Amino acid sequence: MAKTVSFDSLPREIRTALYRIDEPECFSVERSRHEAITVVNKRLSRVYKFVRKNKKLVLLLDKEIDNLILLRNKKISAPTVLNRQPLKQYDMVSYAYVEGEIVADSMMPKNAKLLADAHRKLHIAFEREGKGKLAEWNSARMLKPIFSKTNASEYAPELVKYARSIARALKAHELAREDVTFIHSDSHLSNVVFQPERAVLIDWAEAGWASKYFELGVTIHAMLYEKKAMQRDLIVTYLNEYFEAGKITERDVQLIELHVKLRFLEGATWHLLESKEDQLLNKVRYAKFVEDSWRKAERFDLAKLLGMPATKA
Ligand SMILES: Nc1ncnc2c1ncn2[C@@H]1O[C@H](COP(=O)(O)OP(=O)(O)O)[C@@H](O)[C@H]1O
Ligand SMILES: [Mg+2]
């Protein structure tokens, strides 16, 4: 989970690398978690990402850079990679700072509209190349920890059964490799910078080929953590912009709903990424989050929210 970190508490070699660039007070540590540290310098308009040199993290960083090049070729707005430099224990990458506002917890319909626009443009740009591509993100991958024997003690049998029903409901869609395109896949609101006329997605490490409905599911799931009174308005505005008002079909609604449920269930696996120590320390809190995520998955009903006649997936 995110922690606030001061410059002085950064690892020494990171401080040394930053000292060479500017005065310490010009840097703000945005994020420090999972052994990846993001530091921003607004004066220089630069972002520095440091990742621990282990296989998995370096692969993710390579992937993010490849993704950003792919986007650049299609003229999709995203951070520009400026430089990469190996340190002893970390890899350091610098990006151009994307000017704008991050609105986690205070999203407004105008933001939902800009985000829908950014997603639609992205999905259309890669629609042709995506045809027939194997999805990198799907229910098998998201739900694997829930089905794994190793985690049997983590999940109630009813939860596992429910997760199986969602995987089954998505099976035909996933096997047909329909609507596969390039998706950001992690567009929760800390990864979106809003400018007056557009939304720019940042943090492309997890981007890849997948059903466009996966993206819509992740995004609507994020909106369900915004203020209660705002949620419906955000979701309706987002979908109206993405599909053009009135053009959303029953199939769209079904597939989006299943992907929102899938994301809630994925939420029930997030605590497994924390250290064993953290898991033990927060056992009660995590168990509650798992239970909540499951209930929310079961309850989420998009047709009802949109005031459409009930459909059965
Ligand atoms: N190019 C950028 N422009 C503006 N802010 C950025 C940029 N890159 C990162 N940030 C800020 O740093 C935070 C963490 O960076 P991010 O790339 O999302 O890493 P993480 O993997 O830790 O989520 C973002 O939520 C954002 O506030
Ligand atoms: Mg992020």
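This is a predicted model: local features need pLDDT of at least 70, side-chain atom pairs count only at pLDDT 80 or more; totals for chains, interfaces and linings use all residues.

Trainee: Great. Which domains does the assignment give?
Mentor: The domain assignment gives domain 1, residues 7-96, and domain 2, residues 109-305. Ten residues from domain 1 and ten residues from domain 2 make up the contact.

Trainee: And how far apart are the C-alpha centres of domain 1 and domain 2?
Mentor: Those two centres lie 27 Å apart.

Trainee: What classes of residue are on the side of domain 1 that touches domain 2?
Mentor: That side has five nonpolar, two polar and three charged residues.

Trainee: What does UniProt annotate for residues 49-225?
Mentor: The unreviewed UniProt entry labels that span "domain: Aminoglycoside phosphotransferase". In the model, residues 49-225 are 45% helix and 18% strand, and the end C-alpha atoms of the span lie 27 Å apart.

Trainee: Let's switch to the sheet. What is the order of the five strands?
Mentor: The order is E1-E2-E3-E5-E4, in an open sheet with antiparallel pairing. E1 and strand E4 (81-86) are at the edges with a single partner strand each, so one side of each has no neighbour in the sheet. From one strand to the next, the twist averages 15°.

Trainee: How many bridges join E1 to E2?
Mentor: Five, and the two strands run antiparallel. Arginine 31 stands opposite threonine 38 in E2, and arginine 33 has alanine 36 in E2 as its bridge partner.

Trainee: What about E2 and E3, how many bridges there?
Mentor: Six bridges, again in an antiparallel pair. Threonine 38 has lysine 49 in E3 as its bridge partner. E2 and E3 form a hairpin with four residues between them. In the turn, serine 45 has a positive phi of about 60°.

Trainee: Which strands does helix H2 touch as it packs on the sheet?
Mentor: H2, residues 55-73, touches E2, E3, E4 and E5, and its direction makes about 145° with that of E3. Helix H1, residues 12-19, also packs on the sheet, where H1 touches E2, strand E3 (46-52) and strand E5 (90-96). The direction of H1 makes about 35° with that of E5.

Trainee: OK, new topic: which residues come nearest to ligand 1?
Mentor: Glu30, Arg31, Pro79, Val98 and Asp203 do, out of the 16 residues around ligand 1. Two elements give two or more residues to that shell, strand E1 (28-33) and strand E2 (36-41).

Trainee: Which element gives the most to the shell?
Mentor: That's E2, with three residues.

Trainee: And how does the shell around ligand 1 split by class?
Mentor: There are ten nonpolar, three polar and three charged residues in the shell.

Trainee: Last one: where does ligand 1 lie relative to domain 1 and domain 2?
Mentor: Ligand 1 lies between them, because domain 1 (7-96) and domain 2 (109-305) both give residues to the shell around ligand 1.

Trainee: Thanks, that helps a lot!

Conventions: Residues are numbered from 1 along each chain as its sequence is written. Chains are lettered from A and ligands numbered from 1 in the order in which they are written. A residue is near a molecule or strand if its C-beta atom, placed from the backbone, lies within 6 Å of it. Ala, Val, Leu, Ile, Met, Phe, Trp, Tyr, Cys and Pro count as nonpolar, Asp, Glu, Lys and Arg as charged, and the others, Gly among them, as polar. Domain bounds come from an automatic or database domain assignment. UniProt positions are given in the numbering used here, feature names are shortened, and annotations may be inferred rather than shown by experiment. Two residues are in contact if their C-beta atoms, placed from the backbone, lie within 7 Å. Two strands pair if DSSP finds at least two bridges between them. Axes are lines fitted to C-alpha atoms, for helices over the stretch in contact, and angles run from 0 to 180 degrees between N-to-C directions.
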